[in-house]
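Here is a short report on one protein chain. Look at the sequence and the model first, then read on.

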Amino acid sequence: AADYGSSAPFKGKKGAEYEGGVRIPFIVSWAHPDENNKYQKAYPIARNAVQTQMGTVMDIYPTVLSVAGIKAPKDHVLDGSDLKKLLSGIKNTGMIS
């Protein structure tokens, strides 16, 4: 198979952690941080932190399901992963790189 694609002049290709693969930041926070909110306690988001590990748009749906406490239908395959660890500032060693 041919290896097509170019992100010149940047290093890396689509999906790589180099600038040629990922160029869009994702900024997230609770709209109104509240230490007494049960959802924010269960799903903390690190303050003033930069997470260098990569996530993808496919991770948003599993993350929203997790925050809402809803399981995906049994016959529905999820392509992404819950971002809970990454959002809390912990490096997720269980993700596929």
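## Gln40 and its surroundings

Gln40 touches Trp30, His32, Pro33 and Asp34, leaving aside residues up to four places away in sequence. Gln40 itself sits in helix α1, which spans residues 38-42. Is Gln40 buried or exposed? Gln40 has a relative accessible area of 12%. The cut-off for buried is under 20%, so Gln40 counts as buried.

## Helix α2

Which residues of α2 are buried? They are Pro62, Thr63 and Leu65. Viewed down the axis of α2, these buried residues fall within an arc of 160°, so they line one face of the helix. The buried residues of α2 pack against α3. Just after α2 comes Gly69, with a positive phi of about 75°.

## Confidence

This is a predicted model. The average pLDDT of the chain is 81. A score of at least 70 is reached by 85% of the residues. Among the elements of the chain, the table gives the lowest and the highest mean pLDDT.

| Element | Residues | Mean pLDDT |
|---|---|---|
| Helix α3 (lowest) | residues 84-87 | pLDDT 88 |
| Helix α2 (highest) | residues 60-68 | pLDDT 91 |

Where pLDDT is low, the predicted coordinates should not be read in detail.

Note on methods:
Residues numbered from 1 in each chain as written. Predicted model: local features only at pLDDT ≥ 70, side-chain atom pairs only at ≥ 80, totals over all residues. Heavy atoms only, no water. pLDDT = per-residue confidence, 0-100. Helix = DSSP H or I, 4+ residues; strand = E, 2+ residues; numbered from the N terminus. Buried < 20%, exposed > 50% of the residue type's maximum accessible area, 1.4 Å probe, protein only. Contact = heavy atoms within 4.5 Å. Arc of directions from axis to C-beta.
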